[in-house]
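Hi everyone, thanks for coming.

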Amino acid sequence: MDWWLILEWLIKSIVLVLVLLTGFAYLTLFERRVLAFMQARIGPNRAGPQGILQPIADAVKLIFKEELTPGQVVKAIFVLAPIVTVVPAVVIAAVIPWGPTVEMFGRTINLSIADIDLGILYIAATASIAVYGIVLAGWSSNNKYAMLGGLRSSAQVISYELTLALCFVLVTLLTGSMRAMDIVEAQRTMWFFFIQPVGGLIFLVATLAEVNRAPFDMPEAEQELTAGYHSEYAGMKFALFFMAEYIKMIAISAIAAMLFFGGYREFPFLQNTWFSVDQNWWLGPLYMFAKVLVLLFFMVWIRATLPRMRYDRLMAFGWKVMLPLSLALVFISALGIMLQMLWIIPILSIAVGLVFVGFINRSLTMKRR
Amino acid sequence: MTQIQEVSLDEIRHLVSDRAISGETMLLNMGPQHPSTHGVLRLLLELDGETVVNCIPDIGFLHTGIEKNMEAKTYQKAEVMTDRMDYMNTVGNNFTYSLAVEKLIGLDVPPRAQALRVILAELTRIQSHLVWLGTSALDVAAMSVFLYCFREREEVLHIMELVSGQRMMTTYIRPGGVWRDVPVEFEKAVRDFLKIIPQRIDEYEAMLTKNPLFLDRTLGIGPISAEDATNWGLTGATLRASGVNYDLRRFAPYSGYEQYDFDVPLRTEGDVYARYIVRMEEMRQSVRIIQQALDKLPLGPVRSNNHKFVPPPRSEIGTSMEALIHHFKLWTEGFSAPQGSVYVATESPRGELGCYLESDGGPKPYRVHFRTPSFDNLQVLPFLSKGFLVADLVAIVGSVDIVLGDIDR
């Protein structure tokens, strides 16, 4: 047994978990400050310079808050639900490569915890476990609002997982491999977003639904269901749900960056310069961080801009628009690869995307009359 | 062990359908502590899945006994209570009450005071519509609009503070005129506000009016026909969105509204979206009215000089015996109104706000009653929301624009 390998895994895991947990804390601050900036207000700026100690203050508050458990809840499931939600959110990040392979201390080190061959399948499988936590939380809380939140959440997942999976298929087709490292390296010359722009956009929309972010935050929907599935949770148990949502945001942004935006790779036109990851490996994590930050900014921006969708409309959108569209995109990609003409993929998929936009527009204008 | 409580449905059996009794549909309490019930409205919902089968509004959580309290106060002092009814339309409440008192005692109001009343009432209308827009946009989770609206509302509140020293509960409009003349900065403050608000309204419209998600949430939701709307006694924008051309400022003008040129926006669909469009347009019309009123704001006194009913100016009290007597009489026992009853209605931001006063000849009103638009508009909620989803119900409650202080009084 190679004890050094185990030590390496241990160090990488600890670093990743710490990065995710701190990332979660500062993502809340980032979101609040960005929202405040967009909404003509100031946001938290009292705790420490520019409010950088705010997450710590929040954490201390949540830890010391009273743990309330309402009567007649199914205690075991009630306690289990936040854990079931938060664990997959952290675990999912294990396959994401944060940088290229590095030679260090005479060893070859992968900058991802597990470089498994079925990386994408692992992501697809882990991502959907979290919804069990939400459904169970809603069901066990003995609260009608929570139950409605849980129901909405399951309906949402059914409508979106398929599209998400088909987006994974798109990337797998273009790469010819399900290994995360291969996907990133395949985007050395061209990001998949430019080959399959509509697929990238669909994936981003589906991820919003996956992490329950506005405009798809129906399970929480404070204007309708007060707080949805976590209505009855207080203190640290609530904090776990909160944590799960934000860690998932980070993880899913990293996955989106990996699948469609070149992962830790530089821009294709910087390939043979000093800025290339091939020449300076430590640029990899920085590029990844920058890409994740941009995607997170978009999520916050969308939250500040868009009203929430109704949940039946969301299901209709998932089944009637997203699923056929992603199927069409898979077909187009397969066609382009078979004919060995990659350039027809963006053209055809944009055309199909525009057709769908036209359909949505027509159905809305018909409703108006 | 926790104790299982038997919940009996007997008390509400007549309100819900049989399916609720058998457990086929779910009864859900929405409110009084709920973020989207605009205060302390309680809705008892009977849900089939998420579809509203039955919606039973339960009011009275904000009951303050204002009407009863007013019977124990002289006409001048009772006015202070009217501010607290519809806290989004404080000036309008004072306005209606003052008009009623003036009608009861036959008091004339100088033209400058009339114009000032119109300006402030229209500013309040804009302010109220801004709050409505913000909160009802927040109901469909467009949260930024809410904060933008409150930014502009702040400007109106600054103007209110400028003229009366109070941001919300101004009690600025009094029987016989207004409290005192506006300060010199008033005109500039209002003109500055008028300069920014039209483009800000365009900004809100840019965020919502053509937004597909907003259209999806509002088009065809909670529709009501013109006939139904009239039969349910709806007034205000909720009625005009159904195509009934009824605006008291136009059809029973008061306080010189007939001199101003403005349109009454109308839609025919009667759904949430139509109400939104009508209110947005009303804000623009209010801007027009203020502009005209400000342009031809006459000079002169702002209070009637009938000192039997209106206190004399402070400067006269030191020099005139008469003034001192009037002052003393008015602030100790008040003035006595002739016997009789009056009803005066104005167009509040929410609809027809009526004030009914009954006098027995004494210095205190014998009976005060307000016909508040929120109360009458709320009763249509079960009719509007039947068959829609919980998410739509929230949008419908927002679109009807209720203020609970106005309902419970």
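**Charges and rings**

Let's start with Arg240(B), which counts as buried, at 0% relative accessibility. Please keep in mind that this is a predicted model. Which residue does Arg240(B) form a salt bridge with? The partner is Asp247(B), and the closest N and O atoms are 3.8 Å apart. Asp247(B) is also buried, at 1% relative accessibility. Both belong to a network of salt bridges whose members include Glu122(B), Arg125(B) and Glu347(B).

Over all chains, a search of the whole structure gives 45 salt bridges. Take Asp295(B) and Arg191(B), whose side chains meet at 3.0 Å, N to O. Asp295(B) sits in helix 12 of chain B and Arg191(B) in helix 7 of chain B, so this pair ties together parts 104 residues apart in sequence. Here Asp295(B) is exposed, with a relative accessible area of 53%, while Arg191(B) is partly exposed at 26%.

Another bridge joins Asp202(B) to Arg284(B), at 2.8 Å between the closest N and O atoms. Asp202(B) is in helix 7 of chain B and Arg284(B) in helix 12 of chain B, so parts 82 residues apart in sequence are tied together.

Now to the rings. The search of the whole structure finds 27 aromatic pairs over all chains. In one of them, Phe193(A) and Phe194(A) are edge-to-face, with 6.0 Å centre to centre and 75° between the planes. Over in chain B, ring pairs link a cluster that includes Phe95(B), Tyr254(B) and Phe262(B). The charged end of Arg250(B) sits over the ring of Phe262(B), 4.7 Å from its centre.

Technical notes:
Residues are numbered from 1 along each chain as its sequence is written. Chains are lettered from A and ligands numbered from 1 in the order in which they are written. This is a predicted model: local features need pLDDT of at least 70, side-chain atom pairs count only at pLDDT 80 or more; totals for chains, interfaces and linings use all residues. Side-chain values use heavy atoms; hydrogens and water are left out. Rings of Phe, Tyr and Trp (its six-membered ring) pair if their centres lie within 6.5 Å; planes under 30 degrees apart count as stacked, over 60 as edge-to-face and the rest as tilted. A charge sits over a ring if NZ of Lys or CZ of Arg is within 6 Å of the ring centre and within 35 degrees of the ring normal. A salt bridge is a side-chain nitrogen of Lys or Arg within 4 Å of a carboxyl oxygen of Asp or Glu. Helices (H or I, at least four residues) and strands (E, at least two) are DSSP runs, numbered from the N terminus. Buried means under 20% relative accessible area, exposed over 50%, partly exposed in between (1.4 Å probe, protein chains only).
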